Amino acid sequence: MTVPAQALDAAVRQDGNWKRLSPRMLLVHPVIELGKALPAIVGAFLAGHGSGNDSSGSRWSLGIAGVVMAFAMLRWVTTRYRITPAQVQLRHGLVRRQTRAAPLDRVRTVDVTAHLLHRTLGLARVSIGIGTSDRKGRQALVLDGLGAERAAALRSELLHRPADAAQPKQPTQPVAPAEVELARLDPAWLRFAPFTLTGAVTGLALLGIGWRIVGEGHVNIGRLGPYRAVADRLEEWPLAVDILAVFVAVAVFVAVASTVGYVLSFTGFRLTRHDGGTLHVTRGLLTSRATSIERRRLRGVELSEPLLLRTAGGARCLAVATGLRVGRGAERGGEILLPPAPKAEAVKVGAAVLGTDAPLTVPLVAHPLAARRRRIARALAGAIVLGAAFDAAVLLAGWDSALLSVPGAFVSVAVALGYDRYCSLGHAFVRGYVVTRFGSVVRRRTAVAADGVIGWNLRSTFFQRRLGLTTLVATTAAGRQKYSVADLADADAVRFADMCVPGLLEPFLT
Amino acid sequence: MTAASLRAPAHLVDPRAKAYWTVRSLAGWLVIAAVQIIVWVAVKHPDAVHPILFAVTVAVALAHVSVMPQWRYRVHRWEATDTAVYTQSGWFNQERRIAPVARIQTVDTQRGPFEQVFGLANVTVTTASAAGPLKIHGLRRAAADALVEDLTVRTQAAGGDAT
């Protein structure tokens with residue numbers, strides 16, 4: 001399956017010329033771009049029909065489709081890449097030519113994805129993460145459309161280079177590395193899927209697409225059969241039943257969609273560690289995805305427990321790695337080390353990755369009581385503003401005055417939320433890891449290696465200064481780029497920072 | 001280890017920064033006021049809504065313009081040692097940032113139009129983290145250039161890939 005890396009290496013370096021991506025992409029780009037433009041095309045078609053002139057709609061939609069396809073194919077024609085001994089370079093654009101380069105020794109992560117269409121054609125997309133702070137080069141370099149074998153070979157070639165050019169002892173080994181399996185999907189974890197709420201995102205996206213089609217096609221939704229039937233039914237029932245029915249319908253839809261999403265994303269999930277310490281994650285049913293994270297790029301792990309998942313006793317495990325910015329661009333989702341699973345499993349995987357379980361299990365130091373006051377006050381302030389706006393709306397619109405008491409519910413939720421946010425706060429420094437926990441709606445416990453911390457920010461708002469609190473922020477090149485320890489007592493913040501990174505604060509202490 | 005408080009950075013910024021902050025915030029408020037006046041004239045709302053809003057804007061602007069620069073000047077400080085850069089900034093909300101010289105990636109200066117009028121410059125020190133650029137506002141131009149020079153030399157001496 002894999003072309004030996006060395007062979008590829010040699011072939012590529014002899015021929016330093018620019019190469020095109022796989023010509024099979026000429027089939028892929030138009031289909032994907034057509035898919036993206038579908039709402040506009042359908043809209044144009046319906047608009048044409050609506051205007052009474054039967055053929056104009058089809059003509060417009062064909063025209064749009066033609067232009068979209070031409071542009072999609074042009075993209076392949078104008079894109080080239082090459083691999084020199086020092087860099088991966090990518091050139092694209094017709095009007096605005098762009099050349100982007102990734103120095104080979106700065107490659108931090110390599111992500112190989114294959115969508116359904118890619119897979120049927122034997123293609124894969126390689127995105128190369130380089131964690132520079134240069135703002136333009138921040139996003140990964142993406143080679144969209146290499147042959148699958150080529151992509152796999154390129155990945156091992158990029159990642160299994162000798163760690164340091166100054167150590168030529170170990171030449172690039174042909175890659176047949178021993179691998180240790182750290183985790184594998186257990187079908188029983190599917191019970192956590194409905195609690196992930198990813199289905200809500202899918203639902204919103206569908207709603208958005210539907211909205212655009214309706215909007216661009218000037219469809220009168222009042223005339224659509226199924227919509228009418230539902231609307232009529234809801235008009236017959238009393239309000240309370242309506243609310244309940246809609247709530248149940250939405251909940252069922254979100255649960256089902258989340259489960260489907262879980263199956264699509266995580267079927268075949270495997271986390272393995274290879275010889276050199278590189279972590280590999282493979283997963284996906286229709287879109288297969290393989291992410292590699294080099295050991296020296298891994299700075300820590302994060303346990304994340306969204307509220308619902310937390311009540312179900314589940315958690316996710318994410319990697320904190322340089323070159324993998326959380327939730328950004330092409331690498332989105334590349335940091336997942338374990339899908340929603342029992343919390344114990346997440347801790348086990350995190351511990352295996354870190355080599356010690358202490359950062360994830362040690363009891364955390366609680367924050368001062370002033371922090372609790374601040375959390376609750378902040379939540380309350382939001383609830384009061386929201387409640388006032390709600391009551392104003394009720395009065396202005398002349399709705400049932402019973403609704404005026406609804407903000408009472410906001411306030412009690414806010415107090416509970418603020419209290420829970422305080423309970424989440426905690427920090428520790430164990431085995432060289434800076435550990436911090438924060439958040440209620442999504443509670444995250446992060447362990448970042450202290451030598452990955454490249455600076456401290458100590459923030460205090462006017463109100464924090466009055467309470468004697470400071471928010472300590474560790475900045476890092478990995479993951480979310482900054483990890484906060486919120487609302488520490490002033491002295492504790494300085495003491496903690498000094499303990500984690502000895503010497504840095506020394507000249508400034510009194 | 002036992003000491004638990006961080007002293008402020010050693011150097012104040014140039015006193016002309018106060019004038020610069022005043023002018024800059026004044027310019028911002030003038031834009032807002034101008035928009036309000038245009039709307040006032042164009043819409044001709046019968047109520048006293050516009051004069052009241054305008055009076056509020058003027059009051060807030062005066063408070064901001066008279067308090068903020070003095071306050072800021074007392075807070076903004078900086079210091080660069082052999083091993084670290086340390087800044088303090090803000091006024092209502094304040095922030096102290098510390099970055100090791102060994103982790104510095106770029107050091108550059110910028111001079112906006114207002115800063116040029118006052119002969120000032122600001123220095124931005126970036127690290128590999130997107131969250132941690134250190135900005136020193138309101139330095140005299142020569143001082144800014146000297147600082148950049150100094151930090152560049154020290155950073156090169158430190159080496160490494162700064163992550």
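The model is predicted.

The contact between the chains was examined first. In chain A, 28 residues are in contact with 29 residues of chain B. Three elements of chain A give two or more residues each to the side that touches chain B. They are strand E18 (453-460), strand E19 (469-476) and helix H15 (490-500). E18(A) gives the most, with seven residues. By residue type, the side of chain A that touches chain B holds 13 nonpolar, 11 polar and four charged residues.

Within E4(B), B:Ile98 stands opposite A:Trp456.

Chain B was then considered by itself. The domain assignment gives domain 1 (12-73) and domain 2 (77-158). The centres of domain 1 and domain 2 of chain B, taken over C-alpha atoms, are separated by 29 Å. Between these domains, 12 residues of domain 1 are in contact with 11 residues of domain 2.

On the side of domain 1 of chain B that touches domain 2, helix H1 (16-43) and helix H2 (49-75) of chain B each supply at least two residues. H1(B) gives the most to this side, with six residues. The residues of this side of domain 1 divide into eight nonpolar and four charged, with no polar residues.

Terms used:
Residues are numbered from 1 along each chain as its sequence is written. Chains are lettered from A and ligands numbered from 1 in the order in which they are written. This is a predicted model: local features need pLDDT of at least 70, side-chain atom pairs count only at pLDDT 80 or more; totals for chains, interfaces and linings use all residues. Two residues are in contact if their C-beta atoms, placed from the backbone, lie within 7 Å. Helices (H or I, at least four residues) and strands (E, at least two) are DSSP runs, numbered from the N terminus. Ala, Val, Leu, Ile, Met, Phe, Trp, Tyr, Cys and Pro count as nonpolar, Asp, Glu, Lys and Arg as charged, and the others, Gly among them, as polar. Two strands pair if DSSP finds at least two bridges between them. Domain bounds come from an automatic or database domain assignment.
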